[in-house]
Structure formats: structure tokens, C-alpha cells
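Reader: I've got a model open on my screen and I'd like to talk it through with you. Could you walk me around it, a bit at a time?

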Amino acid sequence: MNDLSVSPANQSVDALGTRKILVWDVPVRVFHWLMVLSFAGAYLTAESESWRLLHVTLGYTMAGLVGFRIAWGLMGTRYARFSTFVRGPKAVARYVGALLRGRPEHHTGHNPAGALAIVALLGLALAVTAAGWATYNDIAGDWLEEVHEAAANVMLAVIGVHVAGVLLSSWLHRENLVGSMINGRKPGLPEQGIRRPWRSVAVLMLAVVLGFWWMQWQSAPSGTGLADRPAASATVGNPDRG
């Protein structure tokens, strides 16, 4: 998976010789959209006792996805690795300043501001799921429920800022960053593209997620609909829940 032959960040990209190159491998894209689905579903079902199974299942899914992303950030393809896009405060401030002046730096992979949002979202997702697991299992009292809700709301706010930044960057760079997270391609020089999409890893990840969802469904009491089933795995040792 070692394709670190060219720096992923460039102050500018010469239009001559550029074309659509593969930047985001399939595991990164599948991870991204599964996280969107899981967080949105978990957030929308947070206040409903009757949808607890779905809420908890999607929360556990988020935790598993973050674990995968951390591993892939250490051993994945060039632009997936943290070492290629995580930068310090000075780089973030420089990028934001250039963005506000209308002369944004071009980065083939994640830009420094986007990288900051990604790291924050990964950390918040772990905090949300850890506090949620402890809350549903009555481990540390009601205060953790407040932590769970607060972390989820902070995460929603960071997502909002991230989406706004993506839209602004798309407009200033004149490239569709949302589309690139679907097809994996961005403008760049041919030698800057990754060599393999790693579809097999994405298929395996998707199979694990779907298998987990099926197990959660099968472990719930039968004879009722999804909205009425308690989260069996989250209520072990707590017969009063459900």
C-alpha cells in the first residue's frame, strides 16, 4: 500500500497536464458515507425509546468504523494516511487565511482545515459512543447521559462547519469535493494519483457492517417490529430497560 511518491499538498496545480486522478480509495469513501448514515440515523432516533435498537446499533457501527479508519489511517493508501494530511495550527491558519483572501492553497488530498475537522470528528465519535454505551448499561449515572448528548451536539456542530467548509472550498477551487467523495477523483497530475482503489477492503468492511446489523436484529426479541425491539446487546445486566 506504499504509494508515497509525491507530496499530496501543493501551493498550486498547473492546469497543463492535469486530469481527473484517483485520490480517495474505495474504503475511505465507503467509510465516509457509512459514517454519515450512522450518525444521522443515531441522532434522529436519540430521543425515541421505541427506536432504541436502531439508535444503539448505529452508535456501535460508528465506533467500529472509527476503529477501521484509525487503522486505515496508519496503513492505507497515500491520501488516507494521517501522516500525509494532519498538520499543525500554523498550517491550518495559513490555509484558512488564504481561503478567506480568495487564494486557497491547493491540496490533492485533505487540506489542513479539513484534516482538523476529520480528527475532531473521529475523536467526538469515540466520545459519543463510549458515553452512550456507558449510559445504556447504567455504569456511571445520569451525568454520562448529559456527556453523551453534549458530545453528539458538538459533533453535529463540527459536521455543520465541515460541510460549510467543503462547499466554500468547492466554490473557490472550482471543483466538486462532494462528488470526489463519491467517485474518488480530483484534478491533479497523473503521478499524484493512487495506484489501487482497494475495493476488496471496502467490500469486507461493508460485509462486516451488514453482518453486525443482521446479528443485532437476530439478537432482539422476536414478534415485534423494529420500532418496538429493545437493544439486546446494550441492556445486558439491566432488566429494567427495554
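Reader: Let's start simple: how many helices and strands does the secondary structure come to?

Author: Keep in mind that this is a predicted model. Reading along the sequence, you go through β-β-α-α-α-α-β-α-α-α-β-α. Tally that up and the secondary structure comes to eight helices and four strands.

Reader: What share of the residues count as buried?

Author: A residue goes down as buried when its relative accessible area is under 20%. The protein has 242 residues, and the share that passes as buried is 45%.

Reader: Among contacts between residues at least 6 apart in sequence, what percentage join residues at least 24 apart?

Author: Take V158 in helix 6 as a way in. V158 and I118 sit 40 residues apart in sequence, with their C-alpha atoms 9.3 Å apart in space. V158 also touches A117, A120, L121 and L124, leaving aside residues up to four places away in sequence. For the protein, among contacts between residues at least 6 apart, the percentage joining residues at least 24 apart is 77%.

Reader: Which elements give two or more residues to the nonpolar patch?

Author: The patch covers about 530 Å² of surface and is made by W33, V36, V163, L167, V178 and I182. The elements giving two or more residues to it are helix 1 (26–44), helix 6 (143–173) and helix 7 (177–183).

Reader: Is L167 buried or exposed?

Author: L167 has its place in helix 6 and is one of the residues making the nonpolar patch. The cut-off for exposed is over 50% relative accessible area. L167 comes in at 53%, so call L167 exposed.

Reader: Which residues form the negative surface patch?

Author: One to look at is E146, which lies in helix 6. E146 is exposed, at a relative accessible area of 57%. The residues forming the negative patch are E47, D142, E145, E146 and E149.

Reader: What about S170, buried or exposed?

Author: S170 lies in helix 6 as well. S170 touches E175, N176 and L177, not counting residues up to four places away in sequence. Its relative accessible area is 15%, so S170 is buried.

Reader: On to charge pairs: how many salt bridges does the count come to?

Author: Side chains of opposite charge can pair when their charged atoms come close. One of the pairs is R52 with E49, and another is E105 with R94. The count comes to two.

Reader: In the R52 and E49 salt bridge, how far apart are the closest N and O atoms?

Author: R52 is buried, with a relative accessible area of 5%. E49 is exposed, with a relative accessible area of 55%. The closest N and O atoms of the two are apart by 1.9 Å.

Reader: For E105 and R94, how many residues apart are they?

Author: The closest N and O atoms in this salt bridge are 2.9 Å apart. The pair links distant parts of the chain, with E105 in the loop between helix 4 (89–100) and strand 3 (106–107), and R94 in helix 4. E105 is buried at 5% relative accessible area, while R94 is partly exposed at 44%.

Methods
Residues numbered from 1 in each chain as written. Predicted model: local features only at pLDDT ≥ 70, side-chain atom pairs only at ≥ 80, totals over all residues. Heavy atoms only, no water. Patch = residues over 30% accessible without salt bridge, like charges linked within 9 Å, V, L, I, M, F, W, Y side chains within 5 Å. Areas by Shrake-Rupley, 256 points an atom, 1.4 Å probe, with all protein chains shown as cover. Salt bridge = Lys/Arg side-chain N within 4 Å of Asp/Glu carboxyl O. Buried < 20%, exposed > 50% of the residue type's maximum accessible area, 1.4 Å probe, protein only. Contact = heavy atoms within 4.5 Å. Lys, Arg positive; Asp, Glu negative; His and termini not counted. Charge placed at Lys NZ, Arg CZ, Asp CG, Glu CD.
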